[in-house]
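Here is a short tour of the model on your screen, written for someone who likes to know the cut-offs behind each value. Have the viewer open as you read.

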Amino acid sequence: MENLMQNKDKIFKGQLADENYILFFRKHWLYMLPTILIFFAVCIIAAGAIFSAIVFGLKNTNIVLYRFMLVAFLVGFLAYTHWFFVKLLEHFLTVCILSDKRLLLLTRSVYLKNSKETADLTMIQDVRKEQNGLMHNLFKYGDMIITFSSSSAIMVLRDVPNVDFHFRALMRAKESSVNTLHHQDEVAAKADLVG
C-alpha cells in the first residue's frame, strides 16, 4: 500500500505511482485576445507619442516638465508591459490535468496566486458543458460545470478549448474509474467470503 501512494512525478508534479496521465489543457486562446489587443493599442499609442515628440519637437516646453513627462510616460509604459507579460505567463501557468483517478486544476500567477484544486473522479456526480454565444460555438470552446456527489460543491472550468472532446474524455475517465472501483469492491468481497 505504501508503494502505491508514492509520488512518481513522471509527467506532472504530484503524480501518484499508480496514476496514469490522460490529458491536460489550458484556457482557450480567445481568453487572452482582449489583453493582447489592448497591448498592441498601447504600443501603437506609445510609438505615436514618441514619434510626435521627435517630429514636432517640444522646444517651447519647459525642460523640467518635459523630462518629468518623459519619465512618467516611460514608467507607465514599463509598468503596463510588465503587467501584460505577467498576464501572459499566468495564462500558460494555469493548467487543468486529467488522470485516470482525478482532475487537477492548477492556477498560478507569477507573484500572487498559487492554488491547486483536485477532484476524485469517483466523486463526480454530474458534468455539464455550456457553449453560449456565437464565438463559443464558432471557435468550439466553452465551460464545464462539475457537480460532486458528496456535497453541494461545484467546480467550474472556464474557457475550455475543444470543449466537446474534453467533456467526452472526462466522462470516459469517470466511467472507467467507477468501473475499476466496483471491480476492486467485488474482488475484496470475494476475498472476504473465501477468507
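## Contacts and overall form

Of the contacts in the chain with a separation of 6 or more, 49% are between residues 24 or more positions apart; contact here means heavy atoms within 4.5 Å. Before going further, please keep in mind that this is a predicted model, where local features need pLDDT of at least 70, side-chain atom pairs count only at pLDDT 80 or more, and totals for chains, interfaces and linings use all residues. Residues are numbered from 1 along each chain as its sequence is written, and side-chain values use heavy atoms, with hydrogens and water left out.

The radius of gyration of the chain, taken over C-alpha atoms, is 25 Å, while a compact globule of 195 residues would have one near 16 Å. That reference value follows a rule of 2.2 Å times the number of residues to the power 0.38. Along the principal axes, the C-alpha atoms fill a box of roughly 100 × 40 × 30 Å.

## Secondary structure and surface

The chain holds four helices and seven strands, in the order β-α-α-β-β-β-β-α-β-β-α along the sequence. These elements are DSSP runs numbered from the N terminus: helices are H or I with at least four residues, strands are E with at least two.

Buried residues make up 28% of the 195, where buried means under 20% relative accessible area, exposed over 50%, and partly exposed in between (1.4 Å probe, protein chains only).

## The largest pocket

Where is empty space left? Rolling a probe the size of a water molecule over the atoms shows this. The search uses a 1 Å grid over the protein atoms alone: a cavity is a set of points where a 1.4 Å probe fits but cannot get out, a pocket is an open set with protein on both sides within 12 Å along at least five of seven lines, and lining residues have an atom within 4 Å of a point. Points are joined across faces, edges and corners, and a volume is the space filled by probe spheres set on them.

The largest pocket has a volume of about 320 Å³. Its lining has 15 residues, with Lys 13, Leu 93, Leu 106, Arg 108 and Lys 116 nearest the centre. Strand 2 (95–99), strand 3 (102–108) and strand 4 (114–120) each give two or more residues to this lining, and strand 4 has the largest share, five. By class, the lining has six nonpolar, five polar and four charged residues (nonpolar: Ala, Val, Leu, Ile, Met, Phe, Trp, Tyr, Cys and Pro; charged: Asp, Glu, Lys and Arg; polar: the others, Gly among them).

## The cavity

How many cavities of 30 Å³ or more are there? The count is one, and about 40 Å³ of space lies in the largest cavity. Leu 23, Phe 25, Leu 98, Leu 103, Met 144, His 166 and Leu 170 line it; strand 1 (21–25) and helix 4 (163–194) each give two or more residues. This lining has six nonpolar residues, one polar and no charged ones.

## Two strand residues

Ser 99 is in strand 2, and Ser 99 counts as buried because its relative accessibility is 0%. Leaving out residues up to four places away in sequence, Ser 99 touches Glu 19, Asn 20, Tyr 21, Ile 22, Leu 121 and Ala 173.

Glu 117 belongs to strand 4 and, at 39% relative accessibility, counts as partly exposed. With residues up to four places away in sequence not counted, Glu 117 touches Leu 103, Leu 104, Leu 105 and Met 155. The C-alpha atoms of Glu 117 and Leu 103 are separated by 8.2 Å, with the two residues 14 apart along the chain.
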